[in-house]
Amino acid sequence: MRMDLALFDFDGTITTGNTYTPFLQYASTATMKRRARRQLLWPWLGYKFGLVSAVALRRQATAYVLAGRRLTDIRALGARYARERLPRVLRPAAMARIAWHRRRGDRVVVVSASLDAYLVPWCRTHGLELICSELETDGSMLTGRYRGGDCAGAAKATRVLERFRLDDYGSVHAYGDTAEDREMLALAHHPVYRWRAAWRRGARRASAGGLLRD
């Protein structure tokens, strides 16, 4: 019997909420925190009023906090964040579902727009594979950009298809909680949105801008 493939969004699915913004706050210097309101106010307001996408806002915030920082320093912060902060926000039902897939011998992959700085150590600790937004470097320094772009929306499905041949698996399970997961959910035989089972046909409609919402 072939193993199944299980794809999990991270923020809001495995966790109870956003981990990206708290990590940027965690990684920010005192000077950055003082200046953040001035530097990021307009992008944030644009996002709130639907004029700036979540992807664009993340791009600007990531550049503001991480550009010019040493890779080793941010990796150290990411490892500490994963160890100290992430256990507080894990969703018990999600961790139980991951454990269920692992007992079955399924291949379990976290697919997230969040950052490799803390997802790599977290996934390593839990024995999970990872597809996520990766920070770009120039030598030993971070550029503040993503290598290969933000892993959100259609990019999630694209990266899954680049890494895995879905026909090699008995079934594909996918778990998500926002519009940025719709294309990934549409790949699955068993899509689950906000911990509610969703019909495959509904997931396909969602990828075209339809259902899968509370």
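Visitor: How many salt bridges does a search of the whole structure find?

Guide: The search finds 10 salt bridges, a salt bridge being a side-chain nitrogen of Lys or Arg within 4 Å of a carboxyl oxygen of Asp or Glu. This is a predicted model, in which local features need pLDDT of at least 70 and side-chain atom pairs count only at pLDDT 80 or more, while totals for chains, interfaces and linings use all residues. Residues are numbered from 1 along each chain as its sequence is written, and side-chain values use heavy atoms, with hydrogens and water left out.

Visitor: What makes D4 and R104 a salt bridge?

Guide: Their side chains meet at 2.6 Å, N to O, and the cut-off is 4 Å, so the pair qualifies. D4 sits in the segment before β1 (5–8) and R104 in helix α5 (residues 92–104), 100 residues apart. Helices (H or I, at least four residues) and strands (E, at least two) are DSSP runs numbered from the N terminus. D4 and R104 also belong to a network of salt bridges with D106.

Visitor: Why is D4 called buried?

Guide: Buried means under 20% relative accessible area, exposed over 50%, and partly exposed in between, with a 1.4 Å probe and protein chains only. D4 has 9%, so D4 is buried. R104 has 41% and therefore counts as partly exposed.

Visitor: Which strands hold E129 and R107?

Guide: The side chains of E129 and R107 meet in a salt bridge at 2.6 Å, N to O. E129 lies in strand β3 (residues 129–138) and R107 in strand β2 (residues 107–115), so the pair ties together parts 22 residues apart in sequence. E129, at 26%, is partly exposed, and R107, at 30%, is partly exposed.

Visitor: What does the salt bridge of E134 and R147 tie together?

Guide: The closest N and O atoms of E134 and R147 are 2.6 Å apart. E134 lies in strand β3 and R147 in strand β4 (residues 141–147), so the pair ties together parts 13 residues apart in sequence. E134 has 27% relative accessibility and so counts as partly exposed.

Visitor: How do you know that R159 has no salt bridge?

Guide: The nearest side chain of opposite charge, E134, is 5.3 Å away, and a salt bridge needs 4 Å or less, so none is assigned. For charge, Lys and Arg count as positive and Asp and Glu as negative; His and the chain ends are not counted. R159 is buried and has its place in helix α7 (residues 154–163).

Visitor: What does the side chain of R159 reach?

Guide: The side chain of R159 reaches the backbone oxygen of G148 at 2.8 Å. Leaving out residues up to four places away in sequence, R159 touches residues including R147, G148 and D150, where contact means heavy atoms within 4.5 Å.

Visitor: What makes the phi of R194 worth a note?

Guide: Phi of R194 is near 50°, a positive value in a residue other than glycine. Most residues other than glycine have a negative phi. R194 lies in the loop between β6 (190–193) and β7 (196–197). W195 is found in the loop between β6 and β7, with phi near 60°.

Visitor: Why is W195 called partly exposed?

Guide: W195 has 30% relative accessibility, so W195 counts as partly exposed. R194, at 37%, also counts as partly exposed.

Technical notes
A polar contact is a pair of N or O atoms within 3.5 Å; within protein, one must be able to donate a hydrogen and the other to accept it, and residues adjacent in sequence count only if both atoms are side-chain atoms.
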